[in-house]
Amino acid sequence: EWQPALKNVSSSWDVGIIDGLSGWTTSVDDVPVDTISRRFRYDVALVSALKDLEEDIMEGLRERELDDSMCTSGFTVVVKESCDGMGDVGEKHGSGPAVPEKAVRFSFTIMSISIRVEGEDDGITIFQEQKPNSEFSCRPLCLMFVDESDHETLTAILGPVVAERKAMMESRLILSVGGLLRSFRFFFRGTGYDEKMVREMEGLEASGSTYICTLCDSTRAEASQNMVLHSITRSHDENLERYEIWRTNPFSESADELRDRVKGVSAKPFMETQPTLDALHCDIGNATEFYKIFQDEIGEVYQKSNPSREERRRWRSTLDKHLRKNLKLKPVMRMNGNYARRLMTREAVEVVCELVLSEERREALRKLMDLYLQMKPVWRSTRPSQDCPVQLCQYSYNSQQFAHLLSTTFKYRYDGKITNYLHKTLAHVPEIVERDGSIGAWASEGNESGNK
């Protein structure tokens, strides 16, 4: 039972899998509507997840020596939400209905459950998900045949999900756990999104925009000049305000002035995401960048002006062959997590250094990778303050050293430009860790492995 009853949500409780469009039948053309999506009702799915954790909750109360007959209210559940597009999911040769060959999966993970006891200021954690990035802790809520770039259809389908989530935030769940009725309230944190999805949900321009960051208002040029000193300023509410300014243009400005005023918010933010950094895509984005630096160093770009396409292709194939021969690392079309993890190692740098002629440049590459490997555990680990306290303390210093190297030795790549994830890695990690306690735990991996 929910108190007060959920607004905009049907009151029947025996709900199984429902048609994801739940009544929006007129809004989507050219696809047979009843095939397009299936989902669980959000509140029902959460209740089911809590019932699965019933034993863990009781165990947690016992471990903390709390009298379970006294603990009937004050439970807080923190939920991580993830959503990701899946590429080619077409049937090879079937005669099903004509649906888009792309799909989107929305899922959630119960991250922690805590309880506030009278006389205590802070909540006492009685359940913490130990493997927040496993597909086993990641519960699917909604599956849709939609291209993640098709904003209209995506918002039509996730609209009811957003409505249910909003209703649940304004209500308490009364649920029987361990034989007693207990009251739970929910906090939702949308952190399992890659940058493309965040930009779409929050109404920002696409990732090639001059507004490089989903966390701060920096432009690409500013971010490449000042690599480290930025703080998180964007939020869902602010994006909504900026969209209103964009829509109404109250100061009658020109398009350029207006865009500068709203810092690239040019669509209506649809779903609240938590401004954070997705550790998996951060890995991938930075590895792509290092892979390009390696090619440039093989070709000694720091001495030349713009090299031709043919030359670049030659350096790339030299690098691929060399990595394949010495590290058994097969070239990939698009950088993926596994390739990224193997490329970003000291041994990979040593292998690349064999192709670099100048000793000075080799040293610079080693230094760059060393600093990176010092920084990486901080945004990868589930609990950085326990897992890598030293690296956490040194992070700001290391990121300054790293930025200094990029803006001097590797200036040819970072003059006026920098990639989105590299900016976030250098500028925002300590602040997010301080706020959330972890970046790695809130990443999108669990959802990605579920996609597989």
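Visitor: Which residues does UniProt list for "domain: V(D)J recombination-activating protein 1 ZnH2"?
Guide: The UniProt record, an unreviewed entry, lists residues 275–437 for that feature. Keep in mind that the model is predicted.
Visitor: How much helix and strand is in 275–437?
Guide: The span is 74% helix and 0% strand. Its end C-alpha atoms lie 14 Å apart.
Visitor: OK, some helix packing then. At what angle do H8 and H12 pack?
Guide: About 180°, with the axes of H8 and helix H12 (residues 359–380) 12 Å apart. Angles over 145 degrees count as roughly antiparallel, so H8 is roughly antiparallel to H12.
Visitor: Which residues in H8 and H12 meet?
Guide: From H8 there are Ala279, Leu280, Cys282, Asp283, Asn286, Phe290, Ile293, Phe294 and Glu297. They meet Arg361, Leu365, Leu368, Met369, Tyr372, Lys376, Trp379 and Arg380 in H12.
Visitor: And how many nonpolar, polar and charged residues are in the contact of H8 with H12?
Guide: Eleven nonpolar, one polar and five charged.
Visitor: Let me pick on Asp283. Buried or exposed?
Guide: Asp283 is buried, because its relative accessible area is 3% and the cut-off for buried is under 20%. Asp283 lies in helix H8.
Visitor: What does Asp283 touch?
Guide: Leaving out residues up to four places away in sequence, Asp283 touches Ala340, Arg341, Tyr372, Lys376, Trp379 and Arg380.
Visitor: I clicked on Arg234. Where is Arg234 found?
Guide: In the loop between helix H5 (220–225) and helix H6 (236–248). Arg234 is buried, with a relative accessible area of 4%.
Visitor: Which backbone oxygen does the side chain of Arg234 reach?
Guide: The backbone oxygen of Cys216, at 3.1 Å.
Visitor: What else does Arg234 touch?
Guide: Not counting residues up to four places away in sequence, its partners include Leu204, Tyr211, Cys213, Thr214, Asn239, Arg242, Lys263, Val265 and Pro275.
Visitor: Lys263, then. What is its phi?
Guide: Lys263 has a positive phi of about 50°, although it is not a glycine. Lys263 sits in the loop between helix H7 (255–262) and helix H8 (279–298).
Visitor: Why flag that?
Guide: Because most residues other than glycine have a negative phi. Lys328 is another case to look at, with phi near 55°. Lys328 lies in the loop between helix H9 (309–327) and helix H10 (337–343).
Visitor: Is Lys328 buried or exposed?
Guide: Lys328 is exposed, with a relative accessible area of 64%.
Visitor: What about Glu310, where is that?
Guide: Glu310 is in helix H9. Its relative accessibility is 49%, so Glu310 counts as partly exposed.
Visitor: Where's Pro97?
Guide: Pro97 is in the loop between strand E4 (75–86) and strand E5 (103–115). With 44% relative accessibility, Pro97 counts as partly exposed. The C-alpha atoms of Pro97 and Glu65 are separated by 56 Å.
Visitor: Last one: how do H1 and H3 pack?
Guide: Helix H1 (residues 42–52) and helix H3 (residues 151–169) pack at about 60°, with axes 9 Å apart. That makes H1 oblique to H3. Tyr42, Asp43 and Leu46 of H1 make the contact with Val161, Glu164, Arg165 and Met168 of H3. By class, the contact of H1 with H3 has four nonpolar, no polar and three charged residues.

Methods:
Residues are numbered from 1 along each chain as its sequence is written. This is a predicted model: local features need pLDDT of at least 70, side-chain atom pairs count only at pLDDT 80 or more; totals for chains, interfaces and linings use all residues. Side-chain values use heavy atoms; hydrogens and water are left out. Axes are lines fitted to C-alpha atoms, for helices over the stretch in contact, and angles run from 0 to 180 degrees between N-to-C directions. Helices (H or I, at least four residues) and strands (E, at least two) are DSSP runs, numbered from the N terminus. Angles under 35 degrees count as roughly parallel, over 145 as roughly antiparallel, 65 to 115 as roughly perpendicular and the rest as oblique. Contact means heavy atoms within 4.5 Å. Ala, Val, Leu, Ile, Met, Phe, Trp, Tyr, Cys and Pro count as nonpolar, Asp, Glu, Lys and Arg as charged, and the others, Gly among them, as polar. Buried means under 20% relative accessible area, exposed over 50%, partly exposed in between (1.4 Å probe, protein chains only). A polar contact is a pair of N or O atoms within 3.5 Å; within protein, one must be able to donate a hydrogen and the other to accept it, and residues adjacent in sequence count only if both atoms are side-chain atoms. UniProt positions are given in the numbering used here, feature names are shortened, and annotations may be inferred rather than shown by experiment.
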